[in-house]
Amino acid sequence: MTADAIPEFPFDRPTALEPPPQLAELREKCPVAHVRLPSGDVATLVTRYDDARAVLADPRFSRNLAREGAARLATTEDGGLFNRRRDETMDISEGQGHMRWRRLLSRWFTARKMEVWRPRVQAMADDLLDAMVAKGSPGNLSTALGLPLPVRVICALVGAPAEDQDKFAHWSTTMLTLTRNTQEEVDQAYQEFSAYVSDLIDRNRENPGDDLLSELTQITDAEDGRLSKPELISTVRGLLLAGHETTSNMIGIMMAMLLADRQRFEAVVDDPDLVPGTVEEVLRLDSTLSAIGGVPRYLTEEITLSDVDVPAGATLIPSIAAANRDPGKFADPDRFDPRRPNSNQHLTFGAGPHYCLGQPLARVELQVVLDTLARRLPDLRLRDAPEELRMRTGGMTGGLQDVWVTW
């Protein structure tokens, strides 16, 4: 394969809600393929379900891309979020250190505990929807509900002031750049975000509450080796970033996907029991949340995927969007089926040791939003044609710019 034959990645797409056709073509004919990243480096894209799951779950695929030979994703000098060196927090990113870190946080993110939070999430959603409805139709669902709800929820969980949401939005979008920010802007965002979190920890230490940050601060102050101060700052920064960026984007994507083919939304209006299954199908079929597909990995030893020998030192990107539509895993994979028996086996939240800790909370938030809109605004419609929706570009996360609705 010549250099000119290596396709540029991320791929272009016909419309915001449709996956790039190259993904299905590669999955069928070339499931382990070279792609050229915005940085100019070459990575290996895998598009079949079993291969993508292996890349996400097998410990031979390392999340540490801050090493010699790893492909850089972004156009910044550090190569982007996944390539940036994190010497003081590397211990919690993989192996036993990561398992120690997960044990500290996992009890806060169990499905049972998140169900306890459901009434609080519901109250926040109702409050935000009241404000949107009071302003009148049309409304921008992204800014009225999609952004503020997850921020309010994660801030309540962590113990941060929700009114700082604009700061989180700025820092997170800058840190997740692919092509839109300079290295100086990224460095400044890291410094400001870390200083903010450090100050938040200090204020929380003086006035602790019944929140995750208070517990983690006590663990750090105990100096028993379970969590260092840099690890605490990185953890809280990551929670605020993830709580703002991914679920916020997913709310807009979910409603755009359901209203673009309105029978999907009407089915929920008619049968609220379809809410959980509908959310899972949205999570499975979405191709817009991540611009790059999945968190890239560095291969530490040679391995075979789909009869292709992949050498040690390769950087692999699991295409979640392609894997979630693999006919080898999901029957009639492009069909939207809220009653699909195995729809929750999608890879949107990852797999293995790095399976998303916050997925029970994300599911609760998405279910609450869908149920609330179906009950309160059953005549909800997209203001614009689906093909007029526009994606966010230039970052590692995608999502939609705005989702305007009428009722």
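Visitor: Which helix supplies the largest share of the lining of the second largest pocket?
Guide: In this predicted model, helix H8 (183-206) and helix H10 (229-260) each supply at least two residues of that lining. The largest share is four residues, and the helix they come from is H10.

Visitor: How many residues line the second largest pocket, and how much space lies in it?
Guide: The lining consists of 13 residues, and Arg 86, Glu 88, Tyr 190, Ser 194 and Arg 237 lie nearest the centre of the pocket. The space within the second largest pocket is about 300 Å³.

Visitor: How many residues of this lining are charged?
Guide: The lining of the second largest pocket includes three nonpolar and four polar residues. The charged residues in that lining number six.

Visitor: Why is strand E1 described as largely enclosed by the rest of the structure?
Guide: Strand E1 covers residues 32-36. A residue counts as buried when its relative accessible area is under 20%. Strand E1 is largely enclosed because the number of its five residues that are buried is four.

Visitor: Which residue of E2 is the bridge partner of Val 32?
Guide: E1 and strand E2 (residues 42-46) pair in the antiparallel sense over five bridges. The partner of Val 32 in E2 is Val 46.

Visitor: Which residue in the hairpin of E1 and E2 takes a positive phi?
Guide: Five residues lie between the two strands of this hairpin. The positive phi, near 100°, belongs to Gly 40.

Visitor: Is Asp 307 buried or exposed?
Guide: Asp 307 is found in the loop between strand E6 (303-305) and strand E7 (308-310). Its phi is positive, near 65°. Most residues other than glycine have a negative phi. With a relative accessible area of 77%, against a cut-off of over 50%, Asp 307 is exposed.

Visitor: What is the relative accessibility of Asp 332?
Guide: Asp 332 lies in the loop between helix H13 (320-323) and helix H14 (359-376), and its phi is a positive value near 45°. Asp 332 counts as partly exposed, because its relative accessibility is 47%.

Visitor: Which residue is joined to Pro 10 by a cis peptide bond?
Guide: Most peptide bonds are trans. Pro 10 lies in the segment before helix H1 (21-29). Its cis bond has an omega of about 5°, and the residue joined to Pro 10 is Phe 9.

Visitor: What is omega for the peptide bond from Ser 137 to Pro 138?
Guide: Pro 138 lies in the loop between helix H4 (111-135) and strand E4 (139-140). The bond from Ser 137 to Pro 138 is cis, and its omega is near 0°.

Note on methods. Residues are numbered from 1 along each chain as its sequence is written. This is a predicted model: local features need pLDDT of at least 70, side-chain atom pairs count only at pLDDT 80 or more; totals for chains, interfaces and linings use all residues. Side-chain values use heavy atoms; hydrogens and water are left out. Buried means under 20% relative accessible area, exposed over 50%, partly exposed in between (1.4 Å probe, protein chains only). On a 1 Å grid over the protein atoms alone, a cavity is a set of points where a 1.4 Å probe fits but cannot get out, and a pocket is an open set with protein on both sides within 12 Å along at least five of seven lines; lining residues have an atom within 4 Å of a point. Grid points are joined across faces, edges and corners, and a volume is the space filled by probe spheres set on the points. Ala, Val, Leu, Ile, Met, Phe, Trp, Tyr, Cys and Pro count as nonpolar, Asp, Glu, Lys and Arg as charged, and the others, Gly among them, as polar. Two strands pair if DSSP finds at least two bridges between them.
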